[in-house]
Amino acid sequence: MTELQIRKMRFAFADYDVPFLWNEENPAFSSMANAVSFLAIGFEKMIVQMIREAKPLFTDPVIAAEAEAFVRQEGQHSTAHRQHVAGLIRSYPGLRETLDRVIGEFDDLTANTPLKYRLAYTADLEATFTPVFKLMLDHDATLFALGDDRVASLFLWHFVEEVEHRSSALIIFDAVVGSDLYRMRMAPSIFRHVMRTIRIACRGFNEHVPLADRQVDAMSMFATHRFRRRLGRVVPALRISDRGTMPRAFDSLPVREQLVALSGVVRSQLPGHDPRHENLPALADRWFRRFDEGYDVTRWYTADQPVRH
Ligand SMILES: [Fe+2]
Ligand SMILES: [Fe+2]
């Protein structure tokens, strides 16, 4: 079983305005991370209901304990993301509808798909996290350090705990369903759902957050959207509305490392994938050590500075 610790965090989202553009140096990444916050709420709500449903099927107490620790970590993440998103909704009330729609996409899975599909969904998606989050955490100096420390610290905490429980969802899936073939067969529909839900969040951002505050076309993280925008410049009949510039969140990161992350994502979906053997971000180790030493991890980059009000 994975040794998981339940850490309760309180970020100061209610104390002062939560900016949409929380890292002004990288508007595309700011927008992408905000979308992750919206998704996390819906996804983690689905996980809580899924584990409740799966509980009677855990015959091994070790698996039951793994599931319990896993779902408790996810519950903490969800609570913190709700506070982050509530801060955004205070500034942009239209985003309430966006959040409801994102949660609705996951509620739909809970209501209309079998338990084994949701177990596969969770295992597949969580398996991609370690390579992707490693890419981000290895470049925290540009992606996180320059931003609002509440938002940055929320993501650092969430991502290092995703690394910590990287095996949990697969362990649970294997115990209840135990079919790599099923997981692989479902992967295309699972990732279609993920992309559809991210699209809902990004469309909501374009609709409800003024361009001056978000700086970029939130849809620019989709290659198809960038292609359609470029096509529209050449073929006026196909022109779609200009909702801002189209930089990509990882433009500043070394291409080689982006490719390593991408191949990690592909590898994470193959049969027999064991997340225990993943390359881990150095920051995760540092984070856990500092947490154990009592460091204020809710203000990762500014803990030594006076509290802002
Ligand atoms: Fe999580
Ligand atoms: Fe997770």
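## A walk through the helices

Start by selecting α7: Ser 168, Ala 169, Leu 170, Ile 172 and Phe 173 are buried there (20 or more other C-beta atoms within 10 Å of a residue's own, with C-beta atoms placed from the backbone). Helices here are DSSP runs of H or I, at least four residues, numbered from the N terminus. You're looking at a predicted model, where local features need pLDDT of at least 70, side-chain atom pairs count only at pLDDT 80 or more, and totals for chains, interfaces and linings use all residues. Residues are numbered from 1 along each chain as its sequence is written, while chains are lettered from A and ligands numbered from 1 in the order in which they are written.

Now show α1, α2, α4 and α8: the buried residues of α7 pack against them.

Next, pick Leu 156 and Ala 201. Of the 72 residues in the largest nonpolar core, these two touch the most other members (such a core is a set of buried Ala, Val, Leu, Ile, Met, Phe, Trp, Tyr and Cys residues joined through C-beta atoms within 7 Å). Colour α1 too, as it gives the largest share of this core, 15 residues. Back at Leu 156, leaving aside neighbours within four places in sequence, its contacts are Asp 140, Phe 144, Trp 287 and Trp 300 (C-beta atoms, placed from the backbone, within 7 Å).

Last stop: α4 and α6. Show Phe 129, Thr 130, Phe 133, Met 136 and Leu 137 of α4, which meet Phe 159, Glu 162 and Val 163 of α6.

Methods: Buried ≥ 20, exposed ≤ 12 C-beta atoms within 10 Å, placed from the backbone. Helix = DSSP H or I, 4+ residues; strand = E, 2+ residues; numbered from the N terminus. Contact = placed C-beta atoms within 7 Å.
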